[in-house]
Amino acid sequence: MLLHTVLLAQVLLAICHVGLAEKMMRPKFKDIKIWSEEKFISHKVTYDSADPHLNFSMEVHQDLHDVDIHLEVRITNKQDPLYTTTMNTTLNVCRILGFANKSPVGRFVHGFIREYGNIVDSCPIAKGSYFINKFWWPEDPTTAILPELEFEIIWQAMLLDSSKKRTLIMNDHFGGEFVVQDVNNLKPGIFAMLPKIA
Ligand SMILES: *[C@@H]1O[C@H](CO)[C@@H](O)[C@H](O)[C@H]1NC(C)=O
Ligand SMILES: *[C@@H]1O[C@H](CO)[C@@H](O)[C@H](O)[C@H]1NC(C)=O
C-alpha cells in the first residue's frame, strides 16, 4: 500500500515537471583532469550538462588489497571570496563497504548508487570492470536567490598494500561553477531515492 502511494507520488511528480521550467543550481564543469596509475587501474569520467548525468568507468588490472579515498572540495562565492567552504577528508573504502553492508542507511545509499551500474562492493577489490552510468543526484527546485559559486574538487585514490605502503593510483581534478538556470528536466527529488519495486 505504502509502495503504491509512493509510486503514484512519483508519477505525479514526473507529470508536474513536464514542460515546466524551474530554477535549479547545477554544476558546470570547466576543467576536468583525470589521471590513473595504469599499472593498477584505468578510468574515465564523462559528463553531460544538457541531460545532466555523470558516467564513471574503471578497469582494475590487478586485485587491490585496500584503498583509501582522499577528497578535497573547495566552494567559493565569486562575489565574496571570503565566503569559502572547504572539505578535506580521507576515507577507507573497505571500511565504508563494511558500514554499507551492516547499517540500514549504508545499505540504502549503497543500493541507490548500485542502481546505476556495477560498483565495488567488497575488499580486496577484484580485478575487473566497474562503472556507474547515468548517475545523478535527486534535485529540488530552488526558490531562493543563490550566489554564483565556483568549485574545485580533488579526488584521489591510494592503494594500501599489506605493509600499509601507500601508492597513488588515481588523481582527478574537477573545476567549474554552480550556476542557477531554468531547467525543464529536473531530476525528481527525494522520492527518487526510495527503493524501486521490480
Ligand atoms: C553515459 O552512459 C549511457 C549508457 O551507456 C549513455 O547512453 C550516455 O550517452 C553516456 N553519457 C556520457 C556523457 O558519456
Ligand atoms: C588537506 O589535508 C592534507 C593533509 O592533512 C594537506 O596536506 C592539504 O594541504 C590539505 N588541503 C587543503 C586544500 O587544505
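Biologist: Which residue in the hairpin of S8 and S9 takes a positive phi?
Modeller: Lys164 does, with phi near 65°, and the hairpin has five residues between the strands. Strands here are DSSP runs of E, at least two residues, numbered from the N terminus. This is a predicted model: local features need pLDDT of at least 70, side-chain atom pairs count only at pLDDT 80 or more, and totals for chains, interfaces and linings use all residues. Residues are numbered from 1 along each chain as its sequence is written, while chains are lettered from A and ligands numbered from 1 in the order in which they are written.

Biologist: How many bridges join S8 to S9?
Modeller: Twelve, with strand S8 (residues 149-160) and S9 running antiparallel. Two strands pair if DSSP finds at least two bridges between them. Ile154 has His173 in S9 as its bridge partner.

Biologist: And how does S1 pair with S9, parallel or antiparallel?
Modeller: Antiparallel, over eleven bridges, between strand S1 (residues 22-33) and strand S9 (residues 166-183). Lys28 stands opposite Glu177 in S9.

Biologist: New topic. Which residues are around ligand 1?
Modeller: Thr46, Tyr47, Asp48, Asn55, Asn133 and Lys134. Near means that the C-beta atom, placed from the backbone, lies within 6 Å. Strands S2 (41-48) and S7 (128-135) each give two or more residues to that shell, and S2 gives the most, three.

Biologist: What does S2 pair with?
Modeller: S2 pairs with strand S3 (residues 53-60), antiparallel, over eight bridges. Asp48 has His53 in S3 as its bridge partner.

Note on methods: Helices (H or I, at least four residues) and strands (E, at least two) are DSSP runs, numbered from the N terminus.
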